[in-house]
Amino acid sequence: MGVLYNQVADQLQALIQDGVYRDGDRLPGVRVLSRQFGVSISTVLQAHQTLEGRGYLDARERSGYFVRLPALDAPEPVMQKHRAKPVPVTAREMTLDLCVDEQKRMVPLATAIPHPDFLPLRQIQQSTLWAARRGLETLDYAFPGKESFRRQIAQRMAALGVPITPDDVLATNGAQEAIILALRAVTQPGDIVAVETPSFPGILQALEVVGLRVIEIPTHPSDGMSLEGLQLALDQWPLKACVVVTNHSNPMGARMPDERKKQLVSMLAAASVPLIEDDIYGDLYHSGERPRPAKAFDRTDNVIYCSSFSKTISPGLRLGWMVPGRYMAMARQHKYFVNLATSSIPQLAVAHFLEQGSYDRYLRSARQHYRESSERMRAAITRSFPEGTAVSRPQGGFVLWVQLPDGISGTEIYQKARAENINVSPGLMFSTTNKYDNCLRLNSANPWTERIEQAVVRLGALAHAERKVAG
């Protein structure tokens, strides 16, 4: 059904773009379109909702659906070009402030956390109740992870072109712990690690916890980390690791093409620099096929793969995993020293959820939700923000990177929006060197309500006001 209503939506969108239906025209009734496309009325209604999300239709009560041509599409942000030097990492207090603020009933546009309506709550509740009844199986230290959970992960990894066994998997408390364990396995305090820029604040925090220095490599909004920039860093600095979100990076949403993934893996292997791959958004592609991880191209066991279910099943489960490869002994040792093991019940529950096939069924609808919500918010930003604003076009995930025109401070907008109970992420959080003050990251993983829409409109008004002050 999901594929069918997308096909109808795409055909209607093509008719609008070709001028068959013009701005302000009323579309034929749902019964007429049902006969025209040979589909059910419910499929036509879902197609209409999809086109609403893309900004091509307006639903008017008791009147039907009317064509609304989207505003001129905003351009993509540009990749920053600069030569960087290694610097110590100092996480910003505002990162913690944002997490606290999200609990205060503010409009939640800051943290990359899906709204509960987008999560498989009923199914995971059922699996959790099933797991809780497993008796003694829930009471032991599950180190290095429950066998049933690690077996399910091994099966999924094999489908991605990474043939492993359950013994190759280490269960963790989310991807954040997996990245910290990977860093501790391959570095010493004071070492230099390459990361993308802008970079996910959680990765910067992990580097700070381990006491590392970071060199930031420019990132293209579509293709990911600049391999040319990485090669310059490899030639100039003694890098000990490279951390990359290869699929739908946060905050840019970039998906590195397979050929560049192969090149990334090859050049780091040649330099004997481990690649720590964070693939937390890999399952949330918007269309097409699931992108392969860089680990699928690893022939020298030089890639440490990290992921979790925090963005797909539930952030509260705190359940992730890693495939450390030849660094397994060090990763297990650090895991055991820090917290002994990951909780048993979440592992059993997720293993049951995966075994039932519920996860893949849920993902089919979740991907559509995230695609539509991202397109809807992108259209709203384009309509509401000042001319010259650039917005990322992610191929997966649910965050948008907004690059404001010169002279507009994202930090000022963040502070003023916060005073009005709107929570956003200022660009300064995504770098160690005070870059991206003219940027914001917005979370689009929310049902589109008047409250959300008005918050985006208000952010646009604040940006317009900042431009006047700057001018």
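Biologist: Which residue of E17 is the bridge partner of Gln403?

Modeller: This is a predicted model, and in it strand E14 (residues 399–403) pairs with strand E17 (residues 439–443) in the antiparallel sense, over 5 bridges. Within that pairing, the bridge partner of Gln403 in E17 is Cys439.

Biologist: Is Cys439 buried or exposed?

Modeller: The relative accessible area of Cys439 is 0%. Buried means under 20%, and on that cut-off Cys439 is buried.

Biologist: Which strands stand at the edges of the sheet?

Modeller: The sheet is open, with 4 strands in the order E13-E14-E17-E16 and antiparallel pairing. Each edge strand has a single partner strand, so one side of each is left without a neighbour in the sheet; these are strand E13 (390–391) and strand E16 (425–426).

Biologist: How many disulfides are there, and what is the nearest cysteine sulfur to that of Cys306?

Modeller: The two sulfur atoms of a disulfide have to lie within 2.5 Å, and the count comes to 0 disulfides. Cys306 is accordingly in no disulfide, the nearest cysteine sulfur being 13 Å away. Cys306 is also buried, at a relative accessible area of 0%. The nearest cysteine sulfur to Cys306 is that of Cys242.

Biologist: What is the geometry of the pair formed by the rings of Phe143 and Tyr336?

Modeller: A pair of aromatic rings is described by the distance of the centres and the angle of the planes. The structure holds 10 aromatic pairs; for the rings of Phe143 and Tyr336, the centres are 5.5 Å apart and the planes stand at 65 degrees, so the pair is edge-to-face.

Biologist: Where in the chain are Phe143 and Tyr336, and how many residues apart are they?

Modeller: Phe143 is in the loop between helix H5 (121–132) and helix H6 (147–159), whereas Tyr336 is in helix H11, which covers residues 328–339. Both are partly exposed, Phe143 with a relative accessible area of 28% and Tyr336 with 44%.

Biologist: Why is the pair of rings of Tyr370 and Phe398 tilted?

Modeller: Tyr370 is in helix H13 (residues 358–384) and Phe398 in the loop between E13 and E14, 28 residues apart, and both are buried. Planes under 30 degrees apart count as stacked and over 60 as edge-to-face. The ring centres of Tyr370 and Phe398 are 5.0 Å apart and the planes are at 40 degrees, so the pair is tilted.

Biologist: Which residues do ring pairs link into a cluster?

Modeller: The cluster is built from ring pairs among phenylalanine, tryptophan and tyrosine residues. Its members are Phe149, Phe309, Trp321, Phe353 and Tyr359.

Biologist: Which residue forms a salt bridge with Asp283, and is the pair buried or exposed?

Modeller: Side chains of opposite charge can pair when their charged atoms come close. A search of the whole structure finds 19 salt bridges, including one with Asp283 in which the closest N and O atoms are 3.0 Å apart. Both residues of this pair are buried, and the partner of Asp283 is Arg290.

Biologist: What is the N to O distance between the side chains of Lys416 and Glu466?

Modeller: Lys416 is in helix H14 and Glu466 in helix H15 (residues 450–470), 50 residues apart, so that the pair links distant parts of the chain. Lys416 is partly exposed at 37% relative accessible area, whereas Glu466 counts as buried at 8%. Their side chains meet in a salt bridge, with an N to O distance of 2.8 Å.

Biologist: Which residues are linked in a network of salt bridges?

Modeller: A salt bridge can also stand as a pair, as with the side chains of Arg134 and Glu137, which meet at 3.6 Å, N to O. The network links Glu147, Arg151 and Glu355.

Definitions and conventions: Residues are numbered from 1 along each chain as its sequence is written. This is a predicted model: local features need pLDDT of at least 70, side-chain atom pairs count only at pLDDT 80 or more; totals for chains, interfaces and linings use all residues. Side-chain values use heavy atoms; hydrogens and water are left out. Helices (H or I, at least four residues) and strands (E, at least two) are DSSP runs, numbered from the N terminus. Buried means under 20% relative accessible area, exposed over 50%, partly exposed in between (1.4 Å probe, protein chains only). Two strands pair if DSSP finds at least two bridges between them. Rings of Phe, Tyr and Trp (its six-membered ring) pair if their centres lie within 6.5 Å; planes under 30 degrees apart count as stacked, over 60 as edge-to-face and the rest as tilted. A salt bridge is a side-chain nitrogen of Lys or Arg within 4 Å of a carboxyl oxygen of Asp or Glu.
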